[in-house]
Amino acid sequence: MGNGTATTADLAEQLEKHRVELTGYCYRMLGSSFEAEDAVQDTLVRAWRSHDRFEGRSSLRSWLYRIATNVCLDMLTAGNKRARPMDLTESTPLARAALSPRPDHTWLEPMPDARMLPVVEDPAEAAVAKESVRLAFMAALQQLPPKQRAVLILREVLAWRASEVAELLGTSVASVNSALQRARATLAERRDRGADAAVSDPLDEEQQRLLERYVKAFEGYDMTALTALLHEDAVMTMPPFDLWLTGSADITGFMTTLGAACAGSRLLPVSANGLPGFAQYKPDPDEGGFTPWAVQVLEVSGGRITGFHCFLDTRRWFPLFDLPPRL
């Protein structure tokens, strides 16, 4: 045939073009950044191996989504729903705060925007994509049965037609529509609890200023300044610990007691889950400089910080976000 290698390189390139959007899809399905990347790798390998059986009846893109959906549904048969601390326990008053970790697979994981949100021209489309990976929406998605989850993401987030989704799932348009209705009803019920953070995209001036003030307050460990930026019902979480705190008094109280070693930290901006975030490096008393401590993801609404989520497993998060191993 002679052009085998050219075709092979060509196919690799065609498949690779879909990596970011497929990662976003698998991440919404699975709630885990690492599982999502594994699922996409598996999808591309399967597509590569069975490409000779792909007859071009559908587009390459919808064929890849079909494979990715099957990979995710297989991974979800274990029945594991990833969650945030507030989905699992009651809020703890500071006086009783104890740091008890749960295994990694318990938690909804953060994901860098660049790895899962393809660059799109249309600002409205970009906004929908970002909203659909915010922590609150992701946590709500995890409450849906896997098939409903797939239907909701394909129809509402990726704007597929019901007939396309039915074909992908090998089911009828009627059952796609009914799955979508049930999924919407579940999400509407959950909406009241922890309504989504209203973050404009790109951040407006007020939000930019809020973040600048936050960096100054946090790096200066100035609790008075921080209290002024936190909503009175702000929530703080710290996976892998199941503890979560409510209200600025308990949050700043925690930071000056159990969290006191964070004084003097440095923050580098990151974009995670369609929200503003920071990589936190705390002072390293042994070796000098600063050592990775957390990826912070902030929810902002009405000019205040409403959610302050610290993901502490730095061995996993810092390489994922391409962050330096120390400062």
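**A walk through the helices and rings**

Hi everyone, let me start with helix 9, residues 146-157: at 1.5 Å a residue, its 12 residues should span 16 Å, and the end C-alpha atoms are 15 Å apart, which agrees. The expected span here is 1.5 Å times one less than the number of residues. Helices are DSSP runs of H or I with at least four residues, strands are E runs of at least two, and both are numbered from the N terminus.

Before going on, please keep in mind that this is a predicted model: local features need pLDDT of at least 70, side-chain atom pairs count only at pLDDT 80 or more, and totals for chains, interfaces and linings use all residues. Residues are numbered from 1 along each chain as its sequence is written, and side-chain values use heavy atoms, with hydrogens and water left out.

Back to helix 9. Its buried residues include Gln-148, Arg-149 and Leu-152; buried means under 20% relative accessible area, exposed over 50%, and partly exposed in between, with a 1.4 Å probe and protein chains only. Just after this helix, Ala-159 takes a positive phi of about 60°.

Now for the whole chain. There are 15 helices and six strands, and 48% of the 327 residues count as buried. Along the principal axes, the C-alpha atoms fill a box of roughly 70 × 45 × 40 Å.

On to the rings. How many aromatic pairs does the structure hold? The structure holds 10, where rings of Phe, Tyr and Trp (its six-membered ring) pair if their centres lie within 6.5 Å, and planes under 30 degrees apart count as stacked, over 60 as edge-to-face and the rest as tilted. One of them is Phe-34 with Trp-317, stacked at 5.5 Å centre to centre and 25° between the planes. This pair links distant parts of the chain, 283 residues apart: Phe-34 in helix 3 and Trp-317 in helix 15. Phe-34 counts as partly exposed because its relative accessibility is 26%, while Trp-317, at 4%, counts as buried.

Tyr-214 and Phe-218 make a tilted pair, with 5.8 Å between centres and 40° between planes. Both sit in helix 12, four residues apart, about one turn of the helix. Tyr-214 is buried at 1%, and so is Phe-218 at 2%.

Last stop: Lys-282 lies over the face of Trp-293, 3.4 Å from the ring centre. That label requires NZ of Lys or CZ of Arg within 6 Å of the ring centre and within 35 degrees of the ring normal.
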